[in-house]
Amino acid sequence: MNQKRMGNELHPVTWWTLALIAIATAVISRSVAPLLIIGIASLVSVMLLEKNWARSIRLYATLAAVVLLTRLAFRVLFNFASANQDIALQLPLLEIDLGLGNPVHLLGSLSYAAIDAAIVDGLRLAVIILAIGVASTLAKPSQLLKYTPAAVYEIATAVTIAINLAPQLSTSIQRVKQAAALRGRSHGLGAMRSLTIPVLEDALENSMHLAASMATRGFGRTGETSLAKSLWLRTFSLTSVALTIIATYLILTLGLFNGACIAALTLSLVFSVLVLRISDSQKIRTALNRKKLGMQDVLLLTIGVAFFYAVSRGWIA
Amino acid sequence: MQTNLIQRFSFVSLITLAALLLFSWPLFISAQNQSEIQFAQLAFIILMPAILILTITEFTSGRIDSRQLAMLGVLTAVNAFIRMLGAGAAGVETAFFLIIVSAYVFGSGFGFLMGTCSLLVSALITGGVGPWLPFQMMAAGIIGVGAGLLPKSKRIWLQIGLMILYGVIGAYVYGALMTLWNWPFLAGVGSDVSYVAGAGVVENLVRFLNYEILTGGLVWDTGRAITTSILITVTAPALLTTLRRAANRAGIKKF
Amino acid sequence: MIQLRGVSFSYSHADAAVLKRVNLNFAPGEFSLIAGATGSGKTTLLKAINRLVPSFSPGTFLGEVVINQIDVTNQNPQKIAELVGYVPQSPDESFVAQNVIDELAFGMEQLGIAPNEMQQRIESIASRVGITHLLCREIATLSGGEKQRLAIAASLVAGQRVLLLDEPTSSLDSTVASEVLALLKELSALHGITILIAEHRLERVLKLVDSMVTVHADGSVIKGPVQAPTTTFVPVSKNTLKQETPSVEIEHLSIEFDGETVFRDLNLKLSRGSITALMGPNGSGKSSCLWAIQGSGVRSAGSVLVNGIDPASLKAKDRLALVAKVPQRATDLLFLNAVSAELYESDAASGAAAGSTAKILESLIGRIDPSLHPRDLSAGQKLALVLASQLVKDAPVLLLDEPTQGLDYVAKDHLANQLKRLAAAGKTILLASHDEEFVSLVCDQVISLGQNAN
């Protein structure tokens, strides 16, 4: 199933980091050019590296197009003030009052500037979606579960279990459905119960077998957490969340580039990393076959960061 | 034990507050940094996953054993599967009833994990991974936490009634949170339904409500509320017995 | 290697003790069979050794367990993972990862074994268990026997010297089952691994094991020399078919899925009052054949007539009066919270007088406490409950899919008598099974699938 990927030797984390950089760049860019570059680069990398690229990226491409069109449609539907601007399209101005405060103006005049803005905004979202689509095609998110920090290992395991199990459920439901018909009541709410309860009972029973099998192979064997350590953990997570709240509040009132704001943001991220580090350190777990970042990973990431920097300085516009 | 509970409570309230801020920032943003909004959006898109990971760590690290975990995995799989069945038709959202019922049985920590994992897994399976995913996960997680905190009653019909009521409220809250998330992206700035930086919470709330109504968000929310309450009504009596029986048999504790 | 001293256990949801003052001793490299009726506590005994009992099943535990001179009584299963490997009843439910190599690594990752050491151990266990060629495969694509080997490898890969297996062959056909058992023999004889295997199909295991432990219903456990069970089977001669008008006529029946032929051109006549077995290896189409006869399964060609009517031509509901069927997992039919509710539902759904199903159930297996949860019944009781709910519809033909799975000798004996009585009363019975002993005990005729398949 995973064999169809060709020539994709990059580390899965690289793809996702690149996607994050692409998103960051898209968010800060104010013109079409950088967005188009990201979009085209995304499409090209999928076409080069994924055999079934058309099928894998179709969903994301459609979604991106829908978002772009929605954004444009909203531009036309909701009236945006367009004084002193070249008018592209003059539609009758409607007024709707929902009884909530001011009436809402619909349609009306549509300026070239408004269309431009809508295209940039829409494209930005479309590109974000596309970038994530590419990352999840080239490095399946389930692969990424292997590289999650040890602190979220448990949840990654639960997610792996769920992903493995979900397809089996459809066979299970088929089986129960066929069997339930033998009872002779195949309509109404009873039918719903006669289907869901056996499937769920089976699933729960299986889950306990699974739990037993995991435990007997050593799962959950954390080193004893000392009281002091767990107190530190709690304190640090609380601090981090509190700092996030403060940072958010500061961004909203003072703006992002205020010193206090940046300090709070950085500190909150530092504390988050500390929390992850401490909970990592209690575990004795190791991992098989973890890829390491290679030269080409570093190279690509550098290009990504450089591109972000160029866009942020307005060199590409 | 007592201090533990207090810590847990303060943690959950702080998380909820932080998450709500990250959803509803357009309502509060002040006038002077209209120009920096793009950057602010970026900061929020990165902060949300960070908070999500912190919360998950708080609820799992060293506190979850293999039974709870396997139960979580299996129920998540069931939920992701059910969600796929319901996807497509407008407003039909079949993921919430199982989150609510299992959170009610296994506690709010389980509810949070169940909410986040369900949406994550169904996104991973159907390919719906996007920048909205951390926000969806957090919103569903909050719904799960709340369901775990619902008061326990001796009478089963009262338990079910409570869950239905909560399901309806949760459906609208989830819808509102997710609309809040896409609001600045889709409505932009400058129309009568866009947010206005510095205009005050009430003014912006009115604009948001107008947006929610005119874009049909309320219809979806209503659809979600109806499906959720029907599913709870139909399945909860059997589900409660089944889940509680499973929990007792394996000695699974609430968390 | 393993010592149990004065071990007693009772589950918190039941009063009676499952194990009572058990004293056992196993030498290193010993291959021992744990026998006993279903529900007698074979699984509990295994789980007491690896501490899943009492830590995963709440209850009262007394006594001491010592493994490799280490007292593990107060440990939980994850703490002694490197001492004891455990293969639960159906391996399908015990896999965590998506592919074979990750599954093998899982246990070692938990124990913190260094990555290059892991690689070595995986290679060595894979060659020992014979799954080297499977390392890159996804688990979902493995066959039953391959999965069982993987489960064994996964529970020994971290260097465990003790292996506990709970009915490892119950879902395998006989050739594969023998291969797996031979592997276990090799592991104990050549590599000195102490193996305890819980089984209730003894015929294959008896000649391989060094000792035998019997778990009795009263909770006492006795270790003794290997001894065959006392039940003797008298095979029925195969040509006692009653010359009557056939009640089921199958002509040229073929089944294919996704263009692949499962079997082709099956011709079969079942006369009234006969018991017929459908045998064949896993995947030969036994279940599909039963569903095709019942009318709701796919048929790609051929015809099926039951008393002159094709069940497929009837509505799903009307079929039930013509053909009754008990599927492989009887519990798929149970969805209510109490036996009494299931009985009531059964009467209501089939339009029978209140209490009819209960009466049939009692005639099959005696009284069952109606307030019990159906899932808490023993395998034999569950089967009887489902059988009763199907018999109440009074169909002339009864189809059973692997009815003996999970049943011990007593329950099987019981089922055999039930089926013989039903046949004597005029029912036509067709059962799919790979339990040769049982088939030779009750069936008048054996049909083998899989020989003419291509």
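Leaving aside residues up to four places away in sequence, A:N206 touches B:V74 and C:E93, where a contact requires the C-beta atoms of two residues, placed from the backbone, to lie within 7 Å. The model is a predicted one, in which local features need pLDDT of at least 70, side-chain atom pairs count only at pLDDT 80 or more, and totals for chains, interfaces and linings use all residues. Residues are numbered from 1 along each chain as its sequence is written, while chains are lettered from A and ligands numbered from 1 in the order in which they are written.

A:N206 belongs to helix α7 (residues 188–216) of chain A; helices (H or I, at least four residues) and strands (E, at least two) are DSSP runs numbered from the N terminus. A:N206 counts as partly exposed because it has 19 C-beta neighbours inside 10 Å. On this scale a residue is buried if 20 or more other C-beta atoms lie within 10 Å of its own, exposed if 12 or fewer, and partly exposed in between, with C-beta atoms placed from the backbone. A:S312 is 106 residues from A:N206 along the chain, and their C-alpha atoms are separated by 52 Å. Chain A contains ten helices and two strands, in the order α-α-α-β-β-α-α-α-α-α-α-α from the N terminus on. Of its 317 residues, 42% count as buried. Among contacts in chain A with a separation of 6 or more, 74% are between residues 24 or more positions apart.

The contact between chains A and B takes 83 residues from chain A and 78 residues from chain B. On the chain B side, two or more residues each come from α1 (2–28), α2 (37–60), α3 (66–86), α5 (108–126), α7 (156–187), α8 (201–214) and α9 (217–250) of chain B. The largest share of this side, 16 residues, is supplied by α2(B). By class, the side of chain B that touches chain A has 51 nonpolar, 22 polar and five charged residues; Ala, Val, Leu, Ile, Met, Phe, Trp, Tyr, Cys and Pro count as nonpolar, Asp, Glu, Lys and Arg as charged, and the others, Gly among them, as polar. Chain B is also in contact with chain C, through seven residues of chain B and six residues of chain C. The chain C side of that contact has two nonpolar, four polar and no charged residues.

In chain C, four strands form an open antiparallel sheet in the order β2-β1-β4-β5, two strands being paired if DSSP finds at least two bridges between them. Strands β2 (19–26) and β5 (70–71) of chain C are at the edges with a single partner strand each, so one side of each has no neighbour in the sheet. Strand β4 (residues 59–67) of chain C pairs with β5(C) over two bridges, and C:I67 has C:I70 as its bridge partner. Helix α1 (residues 42–50) of chain C lies across β1 (2–11), β2 and β4 of chain C, at about 120° to β1(C); axes are lines fitted to C-alpha atoms, for helices over the stretch in contact, and angles run from 0 to 180 degrees between N-to-C directions.

A five-stranded open sheet of chain C, with parallel pairing, has the order β15-β16-β17-β13-β18. Its neighbouring strands are turned by 20° against each other on average, direction ignored. Strands β16 (residues 397–401) and β17 (residues 428–432) of chain C pair over five bridges, with C:I429 as the bridge partner of C:L398. Helix α7 (residues 286–294) of chain C lies across β13 (275–279), β15, β16 and β17 of chain C and runs at about 155° to β16(C).

Ten of the 13 residues of α5(C) are buried, so this helix is largely enclosed by the rest of the structure. The cover of these buried residues includes β6 (84–87), α3 (100–111), α4 (115–129), β7 (162–166) and α6 (174–191) of chain C.

The model scores ipTM 0.85 and pTM 0.82. Mean pLDDT, the predictor's confidence in each residue from 0 to 100, is 85 for chain C, where 94% of residues reach 70 or more. Over residues 232–241 of chain C the pLDDT is below 50, and this stretch has 13 contacts in the model beyond near neighbours in sequence. Where pLDDT is low, the predicted coordinates should not be read in detail. For chain B the mean is 82, and 91% of residues reach 70 or more.
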